[in-house]
Amino acid sequence: MIRREDTEWAVEILTRYQSTLRSPEEQELKASIGKVSHIFQSELFQALLDIHEFYDFTLRCAPARPASPAPAPGTAGQQRGAGEPGRPAEPPAAPEDSV
């Protein structure tokens with residue numbers, strides 16, 4: 001699980017490393033590290049962390065629900081009024097008038 005503290009720690013390490021990059025060859029890496037740090041500190045990333053933490057909390061605190069029993073083999077179609085397996089059910093016969 002990604003935690004807010006972990007991302008703050010990562011940003012701190014990246015910022016320290018970024019400050020050591022001085023040569024012209026390292027400027028592209030320095031810019032990339034800056035972008036990653038900016039993303040970790042963005043409101044969107046922080047909101048995603050909040051959602052992740054809430055989801056994790058919800059899963060851990062939710063009471064365990066018993067699984068619903070599965071229908072017995074061969075009975076699922078009959079419960080819905082189906083005919084033979086793989087064959088649609090026939091419509092009910094129309095009532096005959098007794099006049």
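Start by selecting Ser 32: the residue is partly exposed, with a relative accessible area of 37%. That value falls between the cut-offs of 20% for buried and 50% for exposed. Keep in mind that this is a predicted model.

Now widen the selection to the helix around Ser 32. This is H2, residues 27-41. Colour the chain by pLDDT while you are here. H2 has the highest confidence in the chain, at a mean of 97. The lowest is in helix H4, residues 76-79, where the mean is 54. Over the chain, pLDDT averages 81, and 66% of the residues score at least 70.

Is Ser 37 buried or exposed? It counts as buried, because its relative accessibility is 5%, and the cut-off for buried is under 20%. Show the surroundings of Ser 37. Leaving out residues up to four places away in sequence, Ser 37 touches Val 11, Leu 14 and Thr 15.

Move on to helix H3, residues 43-61, and select Leu 44. Leu 44 is exposed, with a relative accessible area of 60%. The cut-off for exposed is over 50%.

Technical notes. Residues are numbered from 1 along each chain as its sequence is written. This is a predicted model: local features need pLDDT of at least 70, side-chain atom pairs count only at pLDDT 80 or more; totals for chains, interfaces and linings use all residues. Side-chain values use heavy atoms; hydrogens and water are left out. Helices (H or I, at least four residues) and strands (E, at least two) are DSSP runs, numbered from the N terminus. Buried means under 20% relative accessible area, exposed over 50%, partly exposed in between (1.4 Å probe, protein chains only). pLDDT is the predictor's confidence in each residue, from 0 to 100. Contact means heavy atoms within 4.5 Å.
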